[in-house]
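Good morning, colleagues. Please take a moment with the sequence and the structure before I turn to the side chains.

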Amino acid sequence: MATIKALVLYGFGLNCDHETKFALEQSGADAQRVHITDLISRQVSLNDYHLLALPGGFSWGDDHGAGVILGLRLKMALQDDLEEFIRAGKVIIGICNGFQVLVNMGLLPGLGGVYFQRQVALIHNDCGNFRDAWVHLRVRPTVCPFVKGIEQVELPVRHGEGKFYAPEEVVTALFQNKQVVLQYATPTGELAQGRFPANPNGSLRDIAGICDASGRILGLMPHPEAFISAFQHPTWTRDKETWRRQGLPYPAPAGAGLRIFQNAVEYLAANVASC
Amino acid sequence: MAARLEIMLRPELFDAAGESVRRQAREYFGLEFTRVRVIQILTFDTGMTPAELEAVRTEVFTNPVTQISSFRPLARHFDWAVWVGLRPGVRDNPGATGLEAVEAFLGRSLGPEAAIYTSTLYLFEGDGISRPEITKIAQELLANDIIQEFRLFAPDQWDPESGVGLILPQVRLDHQPTVTTLAIDSNETLQRLSQERNLALREQDIPIIRRYYLRSEVQARRRQLGLSLPTDVELEYIAQARSDHCNHNTFRGIFAYKDLGTGETATIKSLFKTCIEQPTLALAQEKPWVVSVLWDNAGVGAFDDDFNYVITGETHNSPSNMEAYGGSLTGIVGVYRDPLGTGRGAKLVAGLYGFCVGHRDYQGSLRPRLHPRRLLDGVIAGVKDGGNKSGIPTPLGFVHFHDSYLGKCLVFVVAVGLMPRLLQGTDASQKTTAPGDLIFMCGGRVGKDGIHGVTASSEEFGAHTPAGHVQIGDPYTQKKMHDFLLEARDQGYIAFITDCGGGGLSSAIGESARFAGGCEVWLDKVPLKYEGLDQWEIWISESQERMVTAVKPAHAPAFQALAAKHGVEVSNIGRYTDSGALHLLYQGQTCAYIELAFLEGDFPPWRFEAEWLPPALRGLTEPVLGEPQDHTSLLYRMLARPNICSREWIARQYDHEVQGSSVIKPLVGRGANIPTDGAVLRPRQESHRGLAVSMALHPSYGQIDTYHMTAASIDEAVRRLLAVGGSLDHIGGVDNFCWPSIQYDPVKNPDGKYKAAQLVRANQALQHYCLAYGIPLLSGKDSMYIDGHLPGDFQETHKVSGLATLLFTAISVIPDVARCLTLDCKEPGDYVYLIGTTKPELGGSELYDLFGYLGLQVPEVNPGEFLAYYKQVEAAIAAGLLASCHGVYRGGLAVHLALMAMAGDLGLEVDLAGVATSPLTALYSESAGRFLVTVAPQDCQRWETCMAGAPLRRLGRVRADRRFLVHWGEHLLIQTEVSDLLTVWQERFGNLI
């Protein structure tokens with residue numbers, strides 16, 4: 001398999017860069033942390049990579065709307081490079097703060113094929129506070145390669161501004177175009193239907209993650225990089241006990257979030273790495 | 001021309017921030033509003049053109065999907081409008097990032113004078129709210145007058161053209177920096193100066209300071225440099241360096257201790273040396289994992305072959321008591337700088353917290369500055385922003401309610417870091433400065449922050465005087481600096497690093513200059529927030545988010561270039577020398593020159609009288625308490641107690657999973673809702689090695705005897721580590737003392753001798769039990785004077801002293817996290833065992849407190865007995881024999897059995913006959929040294945063999961249903977459902993998010 005090169009952005013208050021890099025490495029990618037300054041000043045060329053990861057954090061302190069300032073800076077400095085990157089069929093993942101950046105930059109959802117225009121928003125949680133809790137997610141039928149083979153997944157959310165909001169016609173279009181990738185659900189897999197805490201932030205139609213029309217740009221509020229090992233799950237000691245009673249050592253399997261990164265790497269290997 | 005931009009959510013959108021205010025107004029004051037909406041205001045003092053302003057409005061500050069905005073007032077319909085803005089000089093984080101954004105957008109700098117000020121306008125809708133009522137909301141909910149001001153508008157006073165007006169909280173000092181010389185011709189003169197300038201010089205230090213200036217060689221050297229009389233820079237510096245905060249005079253003082261019960265007397269020359277340093281150095285000899293202790297900003301222990309961990313703990317009580325949010329934010333962000341400034345720098349991997357506050361529903365007649373409910377909300381939010389925005393997980397913490405903390409709240413913050421063992425081939429825990437090294441100040445700028453907090457708070461506020469004595473931490477600036485400094489470290493640019501904490505540059509540079517043997521500092525090169533600071537203010541200002549580094553001249557250009565990439569300001573403000581002196585200049589003129597040896601010299605130690613009256617002689621007795629008939633209701637009542645019940649709402653506000661390191665989370669069990677015994681992290685994701693941390697404190701036991709309080713806290717912290725998989729071979733401790741004033745004064749502190757004796761006894765226990773358990777004290781701090789004077793019903797004041805409090809934090813290394821376990825019952829049919837002996841030790845217990853008793857018989861710790869079976873428990877966990885493990889702590893067996901059942905969402909059936917002399921004692925005694933475990937039937941034989949000789953008792957079994965049944969032989973004491981237990985345990989704070 002050709003080497004898939006992944007760029008994980010960091011600096012200016014982003015903070016999930018190390019574990020996002022680790023998750024990509026576990027998925028077989030050659031991942032590098034690149035400072036925002038080096039990307040914007042073109043010390044590092046986006047073109048040299050196949051995957052762009054915008055990790056979680058508090059870029060510029062999230063003071064004027066989460067992800068607003070980083071989105072603005074990337075758009076101003078790199079609009080052409082990003083367009084080229086997308087045209088080349090490469091992939092972008094934005095997690096939490098990175099999702100907020102993609103939305104503010106206008107790379108998501110890109111309805112009507114229009115990028116760099118804000119069409120949806122992620123605003124303050126209805127509960128009025130930052131919240132760290134694990135949520136159940138249901139994957140919708142979608143073209144998004146990141147969630148191939150996944151129907152349901154459990155991941156943590158950790159945010160204060162994750163309520164997905166868009167005008168009704170935009171939400172309808174997202175469903176029609178199969179751009180809604182992840183929805184908050186109950187432990188039994190029913191949709192949360194807006195009910196706290198299954199839907200932790202009041203997102204419209206329980207939307208937790210969306211992609212663009214191509215499916216190659218994914219933004220999500222939950223953190224897949226925070227569940228790449230079973231040890232990260234809140235009740236892993238209970239699973240360990242089940243193994244132990246069968247006289248077996250705990251295998252500490254991979255976490256379900258890893259699949260999302262593996263999917264991206266496999267997709268790129270199959271479709272893009274040669275270009 | 002300044003401009004005011006107003007931004008608000010589109011009217012059809014739910015305003016979560018406004019709704020929070022509406023909810024709090026109802027909950028706190030019983031005031032009902034139909035709607036509250038929030039307008040964010042940015043006031044630009046930037047010289048932008050109208051076209052630029054409009055571009056910035058639409059492109060930077062307005063989200064077209066959700067917001068509307070205007071340079072004209074947006075407010076239309078309201079019954080009251082309340083504007084809240086920061087006072088001049090208070091750190092405005094969103095203002096600073098807004099300016100960064102605008103400059104980036106425009107592609108040009110707006111100049112050093114440009115500023116953006118942020119403020120908030122709240123629009124209240126609802127009938128019949130009076131001006132006094134809305135004023136109460138403004139004062140007690142929205143604005144804190146020491147950092148903020150507010151303005152009220154009724155609809156008939158509102159000018160729809162000008163709105164709130166243009167308010168620019170600029171700092172304008174109009175002051176020429178001046179060095180003042182001060183004659184100290186007599187002891188009386190210096191004493192008077194000390195009072196006038198609020199230097200707080202100790203009377204006994206005064207002749208020593210004067211003698212220094214009279215020395216002929218000192219005078220000759222000063223003449224050469226153009227100095228004669230002492231300067232204000234020098235005296236302020238000496239006062240800082242001699243302060244209790246910087247010098248720990250209490251812990252280095254001489255205590256004349258007398259036990260009034262036995263008549264025995266003893267003299268303790270230094271609590272620090274006797275009770276902390278000696279045992280720790282002795283243990284460090286035996287334990288090769290102890291890497292660096294007792295000299296640096298934090299202690300260092302070995303993590304694995306390639307990395308060391310770093311730990312320290314701090315408090316930030318007084319500032320949090322004044323401004324809860326800013327105080328605790330500054331506290332947590334501040335303690336993070338300690339590991340960053342340890343050795344050549346450590347990456348932060350965890351922050352822990354502890355809050356001691358008055359009861360949230362306090363309704364007594366004392367009126368603290370901030371009601372405990374508001375104070376707690378504020379300190380929770382400060383740690384939330386400090387931790388979350390720094391990208392550092394907050395995996396553990398606690399809140400402890402007691403009304404003695406109305407006088408002053410306690411805010412504990414603990415930081416854990418990780419550093420490579422070697423950097424450039426040398427030990428990374430070591431650092432030094434050498435003559436010729438350049439002094440760089442990194443991070444924030446300097447203002448009047450934290451200078452003489454006490455005097456500043458009593459000054460009148462003018463329109464443009466900085467309200468800087470209470471600080472707002474800036475996690476964003478510090479996060480950038482953290483990333484930058486770690487890269488600079490890895491490049492080998494950092495020879496020495498330390499943080500600017502208490503004392504600011506004066507202590508950071510003063511201490512680092514000792515290694516090189518001197519320094520020269522150019523105060524005019526220190527970047528300022530605003531002009532007009534005097535030289536002495538620059539030198540001792542405690543402005544936050546700053547570190548001092550020593551950099552070799554050859555590395556300086558690369559160091560500066562790396563800082564620029566990270567958007568971090570660094571300034572070369574001097575160099576280290578071997579002159580033997582600390583030499584400060586301002587624009588080439590010497591303004592201070594002090595020999596390093598002087599401050600290290602022979603200042604006399606402080607002296608304290610300590611008189612101990614044993615509890616029985618103080619009249620403490622056991623209450624005469626008959627056996628309850630309704631044990632089920634009693635358990636409900638206990639579970640609902642503020643110090644027992646669920647406080648999930650706090651833990652959920654803290655990101656405890658960032659960095660991907662979380663292994664045992666703050667909340668565990670099937671529903672992830674029960675507090676863990678200890679937290680476990682895996683700071684290197686590629687490794688299975690873990691770090692376990694735990695915290696314990698027992699101020700209520702200290703009301704009986706602080707000796708046993710300390711012992712119980714150490715024992716509890718150890719059991720908490722063992723319960724999650726920690727190892728007795730490797731336990732490091734951190735002691736954080738918070739004590740009321742111990743200096744006896746017949747009028748102001750009549751029980752000072754007793755409080756001093758409490759401190760001595762706590763330290764003696766620290767020494768005895770750390771040695772017994774083999775716990776070196778990796779780090780520790782003391783915060784004295786946790787007293788407040790609170791007004792009552794008649795404007796009289798009452799001195800309220802916080803209970804003598806010691807937080808003990810412990811850390812352990814776990815070779816393989818697969819060994820970790822949690823407290824939740826796992827499977828029906830498993831056997832429940834109690835390990836340890838339950839004695840009639842209810843003194844200071846939660847049960848006695850429920851009935852209003854203190855009692856006498858406080859839990860005691862017997863390491864000789866306990867350690868033998870602790871080792872067996874550790875071996876059983878390592879062998880994988882246990883399904884769950886939980887220590888028995890505050891609230892006793894009844895409470896902790898309930899927690900295990902709730903965590904597993906499974907019933908329990910146990911028989912406590914024979915556990916203790918009475919059911920009440922068995923259920924609620926808080927005897928130390930106990931664990932509860934559950935064991936699968938097939939493992940019981942091996943487990944019992946493993947525990948041979950230990951005080952082990954099989955209590956009962958885990959049930960398949962959710963019945964919770966406690967028997968006492970023939971009698972069924974408690975029968976209920978686990979779901980009912982959960983309901984009462986969660987109810988009290990269940991509606992808080």
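Over all chains, the count comes to 37 aromatic pairs, where rings of Phe, Tyr and Trp (its six-membered ring) pair if their centres lie within 6.5 Å, with planes under 30 degrees apart called stacked, over 60 edge-to-face and the rest tilted. B:Phe598 and B:Phe603 form a tilted pair, at 5.5 Å centre to centre and 55° between the planes. B:Phe598 is buried at 7% relative accessible area; buried means under 20%, exposed over 50% and partly exposed in between, with a 1.4 Å probe and protein chains only. B:Phe603 is also buried, at 11%.

This is a predicted model, in which local features need pLDDT of at least 70 and side-chain atom pairs count only at pLDDT 80 or more, while totals for chains, interfaces and linings use all residues. Residues are numbered from 1 along each chain as its sequence is written, chains are lettered from A and ligands numbered from 1 in the order in which they are written, and side-chain values use heavy atoms, without hydrogens and water.

One aromatic cluster is formed by B:Tyr773, B:Phe866, B:Tyr869, B:Tyr870 and B:Phe931.

Next, charges over rings (NZ of Lys or CZ of Arg within 6 Å of the ring centre and within 35 degrees of the ring normal). A:Arg205 lies over the face of A:Phe175, 4.0 Å from the ring centre, and B:Lys753 lies over that of B:Tyr744, at 4.3 Å.

Finally, B:Asp304 is buried, at 13% relative accessible area. Apart from neighbours within four places in sequence, B:Asp304 is in contact (heavy atoms within 4.5 Å) with B:Arg421, B:Arg684 and B:Arg689.
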